[in-house]
Amino acid sequence: MFDLEKLLRDNIRQLVPYSSARDEFKGEAQVFLDANENSLGSPLTKWYNRYPDPHQWKVKEAISKIKGVPPQHIFLGNGSDECIDLLFRAFCVPGKDNVIINPPTYGMYEVSAHINDIEIRRATLLDDFQLDLVHLENLVDENTKIIWICSPNNPTANSMNRQDVEIVLNNFPGLVVVDEAYINFSRHKSFIQELSDYPNLVVLQTMSKAWGLAGLRMGMAFASEAIIKIYNKVKPPYNISQVNQELALKALEEVDQVNDMIRQLVGMREALARELAALPIVRVVYPSDANFLLVKMDNARGVYEDLLKDGIVVRDRSKVELCEGCLRITVGTEKENMELLEALASLR
Ligand code: PMP
């Protein structure tokens, strides 16, 4: 049975969170002398002398309208990377607890685990890049706090079978994090509408991919109100800057433009996949639900280095388990994709 209170670290359960000036006073006032800001202003225009809304309500309301999830079920982090790290800090006791990842997968789950001195257990994906449920189950013990599932997965580009994820959600009494950074490029449905069915589910999304805002640093976690309350308890008080909040709000008005980019990128991904598959050095272009392709080719490392000489940088995954001989290639602009294909065609 899932018991959030029991799952939590003792020190976090007992934690009295920092209460900021903006937390303590929420009413209307003309004179703000409560937060030791610079009352004269700032070298920049507007209100950057003031601390931002610690809970980013306006941004959450805009996200809520788009995603159909109430604002109290949303946490915003400085990139998903902050959403990942805070879960370790809230739930995993250093030197004692463990989490499970399904490699090959996004590297920050492991790095964050190491930073927090948490044991990593690996249920390597099956040859078809799907979850190995038997291995996963065997790795769970009473100190297993989180299972990290990336879907669509980086770097394999596929989505995990929905039924497999549901089996994990139904049977694992700890947190199940489904990282959907690439969900907008996928044919498959998000888990974001299933929060009421699974009290142990955390869905991660980000504005870094489909929204085109990797420079902004805006990660989103969707979960039960109880989990979001824990996030809020452990987060730095003003983790999303005023500038970030303003720009995110502005971007969130442009859903149509973003949907248009997603459609274009998916079309370009399919075209690029076809063209790559036709090259003699290419062995396999794996099906992709993301904005990148995993491509197995002859002498992948050599190809990587040759492309660099042409000023084209892709990601060498050729030494990663299950990705031997593979490069990971982001879908570029039409021109960039053309340059890549020409460079690859000229290799011998
Ligand atoms: N999750 C996955 C699967 C990713 O591939 C990435 C970035 N490459 C992230 C999370 C991090 O996203 P953010 O920019 O929001 O920190």
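**Helix packing and ligand surroundings**

In the predicted model, Met268, Leu272, Glu275 and Leu276 of helix α11 meet Glu334, Asn337, Leu340, Leu341 and Leu344 of helix α13. By class, this contact of α11 with α13 comprises six nonpolar residues, one polar residue and two charged residues. Helix α11 spans residues 255-277 and helix α13 spans residues 334-345; their axes come within 11 Å and cross at roughly 10°. Because angles under 35 degrees count as roughly parallel, α11 is described as roughly parallel to α13.

The crossing of α4 and α10 is left-handed. On the α4 side the contact is made by Lys58, Val59 and Ala62, and on the α10 side by Gln245, Ala248 and Leu249. The residues of this contact divide into four nonpolar, one polar and one charged.

The ligand has 13 residues around it, of which Ser80, Asp179, Thr206, Ser208 and Arg217 come nearest. For Thr206, an N or O atom in the side chain is 2.6 Å from an oxygen atom of the ligand. In the case of Tyr182, a side-chain N or O atom is 2.8 Å from an oxygen atom of the ligand, while a polar side-chain atom of Asn154 lies 2.9 Å from a ligand oxygen atom.

Key: Residues numbered from 1 in each chain as written. Predicted model: local features only at pLDDT ≥ 70, side-chain atom pairs only at ≥ 80, totals over all residues. Heavy atoms only, no water. Left-handed = near helix turned anticlockwise from the far one by under 90°. Helix = DSSP H or I, 4+ residues; strand = E, 2+ residues; numbered from the N terminus. Contact = heavy atoms within 4.5 Å. Nonpolar A, V, L, I, M, F, W, Y, C, P; charged D, E, K, R; others polar. Near = heavy atom within 4 Å. Polar contact = N/O pair within 3.5 Å; in protein donor to acceptor, adjacent residues only side chain to side chain. Axes fitted to C-alpha atoms, helices over the stretch in contact; angles between N-to-C directions. Parallel < 35°, antiparallel > 145°, perpendicular 65-115°, else oblique.
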